[in-house]
Amino acid sequence: MGTFSIWHWAIVLLLIGVPVFFAVRSAAKPSQNPEPLVGFGGWLMLLAIGQALSPLRTLADFANSADGYQQLMTLSNGPLAVYGEVTLNLAFLALQLVVLVSMLRKSRRFPQLFLLQWLAIPVVFVLDTIWISSFLGVPMSQVLAGDALVTPIASFVGTGIWVAYVCRSVRVRNTFTRTNASEQVASAS
């Protein structure tokens, strides 16, 4: 690792890690107010904003990849490589939307879905890397060249810190309590 890489990670840690560290730390502290912490406020509001923007970020990545996809379509097995990558990314986008809807509905399943979304980050990245390498006949070292690992690692670490917050936050526990209609019918029977 060169000096630039160390500074790059230090900046990522400061910009993402420090605010989220304080969010997790404050979530563990008991509230000074006698009223329970409920609803989108405090650190949960930041998480909600990030979750609402995550599908837009994925769509922006699609738009930025359009030229690369067009170039790959001319190669042997290029269309198969492109369709596979697009399918993986659309599946991840669908997961992001499911997590967003569960968050907006204040579903009790949001914490588990958020955890699943976090775990999907490296899974999608590894599957995509293997897919591209296999169908284009390119060594994985070439697929992972340059800064190819920076974004997924930063995303995984940043989201992982938010997962810790979701698991420990009193506000999260108090906010995400809604059950869906089928569960309410089953419990009423």
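The model is predicted, so local features need pLDDT of at least 70 and side-chain atom pairs count only at pLDDT 80 or more, while totals for chains, interfaces and linings use all residues. Residues are numbered from 1 along each chain as its sequence is written, and side-chain values use heavy atoms, with hydrogens and water left out. The protein has 8 helices and 0 strands. Here helices (H or I, at least four residues) and strands (E, at least two) are DSSP runs, numbered from the N terminus.

**Overall build**

- From the N terminus on, the elements run α-α-α-α-α-α-α-α.
- Buried residues make up 31% of the 189 residues. Buried means under 20% relative accessible area, exposed over 50%, and partly exposed in between (1.4 Å probe, protein chains only).
- The protein exposes about 11,600 Å², and carbon and sulfur atoms supply 68% of this area. Accessible areas come from the Shrake-Rupley method with a 1.4 Å probe; for residues, only the protein chains shown count as cover.
- Contact means heavy atoms within 4.5 Å. Among contacts between residues at least 6 apart in sequence, 76% join residues at least 24 apart.

**Helix α3**

- Helix α3 covers residues 78-104, which is 27 residues. The expected span of a helix is 1.5 Å times one less than its number of residues. For α3 that gives 39 Å, and its end C-alpha atoms are 39 Å apart, which agrees.
- Just after α3, K106 takes a positive phi of about 60 degrees.

**Nonpolar core**

- A nonpolar core is a set of buried Ala, Val, Leu, Ile, Met, Phe, Trp, Tyr and Cys residues joined through side-chain atoms within 4.5 Å.
- The largest such core has 21 residues, of which L47, F110, F114 and V166 touch the most other members. Helices α2 (42-72), α3, α4 (110-136) and α6 (150-168) each supply at least two residues of this core.
- Leaving aside residues up to four places away in sequence, L47 touches F110, F114, W162 and V166.
- L46 also lies in helix α2. L46 is partly exposed, with a relative accessible area of 44%. The C-alpha atoms of L46 and W162 are 9.9 Å apart, yet the two are 116 residues apart in sequence.

**Aromatic pairs**

- Rings of Phe, Tyr and Trp (its six-membered ring) pair if their centres lie within 6.5 Å; planes under 30 degrees apart count as stacked, over 60 as edge-to-face and the rest as tilted. The count comes to 6 aromatic pairs.
- The rings of W118 and F156 have centres 4.7 Å apart and planes at 10 degrees, so this pair is stacked. W118 sits in helix α4 and F156 in helix α6, 38 residues apart.
- W118 counts as buried at 19% relative accessibility, whereas F156 is partly exposed at 28%.
- Ring pairs also link F40, F110, F114 and F176 into a cluster.

**T58 and N89**

- T58 is in helix α2, and N89 is in helix α3.
- At 11% relative accessibility, T58 counts as buried.
- Beyond residues up to four places away in sequence, T58 touches N89, F92, L93 and Q96.
- The side chains of T58 and Q96 are joined by a polar contact of 2.7 Å. A polar contact is a pair of N or O atoms within 3.5 Å; within protein, one must be able to donate a hydrogen and the other to accept it, and residues adjacent in sequence count only if both atoms are side-chain atoms.
- N89 and V124 are 35 residues apart along the chain, with their C-alpha atoms separated by 7.6 Å.
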